[in-house]
Amino acid sequence: MKHLLIATLISGMLFHPLLSPKVIAQSSLPTLSDSLSSSVTLDSEYRLGRNWVRMLRGQAPLLSDPLTWHYVDDLLWDLVPHSQINDRRLELVMVDNPTFNAFAVPGGIVGVHGGLILASENEDELASVLAHELAHLSQRHFAQRIEEERRNRPMVLAGILAGILIAAADTQGGTAVLSSTMAASAQSQLAFSRRNEEEADRVGMQNLVSAGRDPHAMPQMFSRLQRNYRFYGQRMPEFLLSHPVTEARIADSLNRAAALPTPRARPYSPDFDIIRTRMQVHYAHQANDIYRNFQTLAQSEPSDLNHYGAMLAATRIGQLEQAHVHFQALSPQWRQHMYIRASYVELLLKRQELTQALTESQQLLRLYAGSLPILKLHAKVLRESGQAQEATAVYKQIVRDHPNDVETWYELAEAEGLVGNIAGVHDARIEYFLLTGNFDSAIRQVEFARRERNISPTDQARLDRKEAEIHEIRRQMKEDF
């Protein structure tokens, strides 16, 4: 695995010494000034974030695992009611990167690298990172940064956003951009960022406890970062260079956690362990090795989790019979879990048992109607079963409910091609290119659509509006970035 990185100045998981519990009890959460709200509106932040994420989708690999996205999105929304976020137009972006990274961008964009799940040892640790990021959004630290840095805004803020973007696609490149951005910033700018981070720590921990989560999750993360430091030598992650984890900080966070109320123990749910196992198999450099590891564990320490890991790893290396054996070894309770049943359908697709895969996906759809990962899985089964028309209908349902799901727009274009709906292919490709910031390709696709025979005046007008929308978004992005 590549070295760990938490690369963000706007909103990364930058923990700092926390205030005493007594101060929390006596103080209310900060209120933004009227001047801030009037000069940087929520709508302007929203536009900026949604345009920036187009670049992210186009340049960084997105994690193509709907089950993992579903799990993290559910966890995020479990925390939102306990936050102070007023504008809840949130969008989770899962980045296919094994580094330890999370970020929030104005306009409600929350980004999580797949490696963050690997670095977390339990659900509350992962939740502590998300709570911190939500605190950045609720306190509108980006808007505060604009007020503080009016003179350098084009250099500093654009540089920070570019650093997050590059870090998502290439760890070392992102680190270099962020380092140069920090070097160009004045000391007052760095101090302002630290104040934001302290506030995000304080607010984030309050919200974590309010959500019934263990406050010790934060110091546990502190300790792991410090332990990992020993393995980096002269090449520490950017996070540890700019925000060192010291014994004093660990002690402060431990003291704070000890003084906070301990939530009631939650009933065990295998969700986190299941998703973390998926990431372990996904990011394993040597698939054969991780299969042997899980197989050995399943034999020496039989458990549902070890059999599930062996099932996934066997599927990845094409040992499909062994994967089925490990699935059968799961307890009946585990075999009924949504994530496990979806994994079984994935296995059936690999085995080309399409009739059974379709039966299973239909049953899942009846149980979890409207579930994004189940809809995506069902559409895939339909398409591989030769039912492209039915798959197209499901993909259209998904993009109606999740219009920013770039992967589904791509799949919809493919499905439309299979049924011979060329106009539908053009429409889906236009949306795909627009969501990934590829404006030249989007314009070309509009031109291709205009050349089709028998195009109606209504369709011509619709394409004209779409072209105008593309030009307007491009203009906005040039202005913002």
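**Pockets and selected residues of the predicted model**

The side chain of S83 reaches the backbone nitrogen of I85 at 3.4 Å, a polar contact (a pair of N or O atoms within 3.5 Å; within protein, one must be able to donate a hydrogen and the other to accept it, and residues adjacent in sequence count only if both atoms are side-chain atoms). The structure is a predicted model, in which local features need pLDDT of at least 70, side-chain atom pairs count only at pLDDT 80 or more, and totals for chains, interfaces and linings use all residues. Residues are numbered from 1 along each chain as its sequence is written, and side-chain values use heavy atoms, with hydrogens and water left out.

S83 lies in the loop between helix 4 and strand 1. Helices (H or I, at least four residues) and strands (E, at least two) are DSSP runs, numbered from the N terminus. S83 counts as buried because its relative accessibility is 10%; buried means under 20% relative accessible area, exposed over 50%, and partly exposed in between (1.4 Å probe, protein chains only). Beyond its neighbours within four places in sequence, S83 is in contact with R88 and N207, contact meaning heavy atoms within 4.5 Å.

The largest pocket has a volume of about 850 Å³. A pocket is an open set of points on a 1 Å grid over the protein atoms alone, where a 1.4 Å probe fits, with protein on both sides within 12 Å along at least five of seven lines; lining residues have an atom within 4 Å of a point. Volume is the space filled by probe spheres set on the points, which are joined across faces, edges and corners. The lining holds 29 residues, and S64, D65, R278, E346 and K380 lie nearest the centre. Elements giving two or more residues to this lining include helix 4 (66-79), helix 14 (271-283) and helix 21 (372-384). The lining divides into 13 nonpolar, 5 polar and 11 charged residues. Here Ala, Val, Leu, Ile, Met, Phe, Trp, Tyr, Cys and Pro count as nonpolar, Asp, Glu, Lys and Arg as charged, and the others, Gly among them, as polar.

Helix 14 has 13 residues. Among its buried residues are F272, R278 and Y283.

The second largest pocket holds about 620 Å³ of space. Of its 27 lining residues, W69, L92, N404, D405 and V406 are the closest to its centre. Helix 4, strand 1 (91-95) and helix 21 are among the elements that each supply at least two lining residues. This lining has 14 nonpolar, 5 polar and 8 charged residues.

Terms used:
The expected span of a helix is 1.5 Å times one less than its number of residues.
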